[in-house]
Amino acid sequence: MTIYEALKMSGCVIEQLERAGVKPSDHKYVKLFEDYQRARKRGEKGCYIVAVLAERYNVSQRNIYEIVKRLGSDCKSVSP
C-alpha cells in the first residue's frame, strides 16, 4: 500500500478529526493520557504524575501538561 492509497482510504476520517480540532499526531499520546487519568483517580498529585510520565514516555514535563490539556478538552463542533 502506498501513502496515497492510505490517505485515500482514510482521508474522510482524517478530515473529520481535523475539523474537530484533533492533531493527527495525538494518537501517540492516548496511552499516556490514560495513565494520567488512572493516577489522578488514585489520588496522586499532579506534579508527581507528570514527573513519572515524563520519565516513562521520554517526553518533557511541559509537553505532558500540554498533552493532558489538549486531550482532556472538548472537540470543536463538527459539521457534516
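Me: Which exposed residues are carried by the face of H3 turned away from its buried side?

Reply: Cys47, Tyr48, Glu55 and Arg56. Exposed means over 50% relative accessible area, buried under 20%, and partly exposed in between (1.4 Å probe, protein chains only). This is a predicted model, in which local features need pLDDT of at least 70, side-chain atom pairs count only at pLDDT 80 or more, and totals for chains, interfaces and linings use all residues. Residues are numbered from 1 along each chain as its sequence is written, and side-chain values use heavy atoms, with hydrogens and water left out.

Me: Which residues of H3 are buried, and what puts them on the same side of H3?

Reply: The buried residues are Gly46, Ile49, Val50, Leu53 and Ala54. They cover an arc of only 130° around the axis, so they sit on the same side of H3; the arc is taken over the directions from the helix axis to the C-beta atoms. An α-helix has 3.6 residues a turn, so residues three or four places apart point the same way.

Me: What do the buried residues of H3 pack against?

Reply: They pack against helix H2 (30–41) and H4, where contact means heavy atoms within 4.5 Å. Helices are DSSP runs (H or I, at least four residues), numbered from the N terminus.

Me: How do you know what length H3 should span?

Reply: The expected span is 1.5 Å times one less than the number of residues. For the twelve residues of H3 that gives 16 Å, and the end C-alpha atoms are 16 Å apart, which agrees.

Me: What makes Ser60 buried, exposed or partly exposed?

Reply: Its relative accessible area is 37%, so Ser60 is partly exposed. Ser60 lies in the loop between helix H3 (46–57) and helix H4 (61–72). Ser60 and Val50 are ten residues apart in sequence and 8.9 Å apart in space, C-alpha to C-alpha.

How values were computed:
Helices (H or I, at least four residues) and strands (E, at least two) are DSSP runs, numbered from the N terminus.
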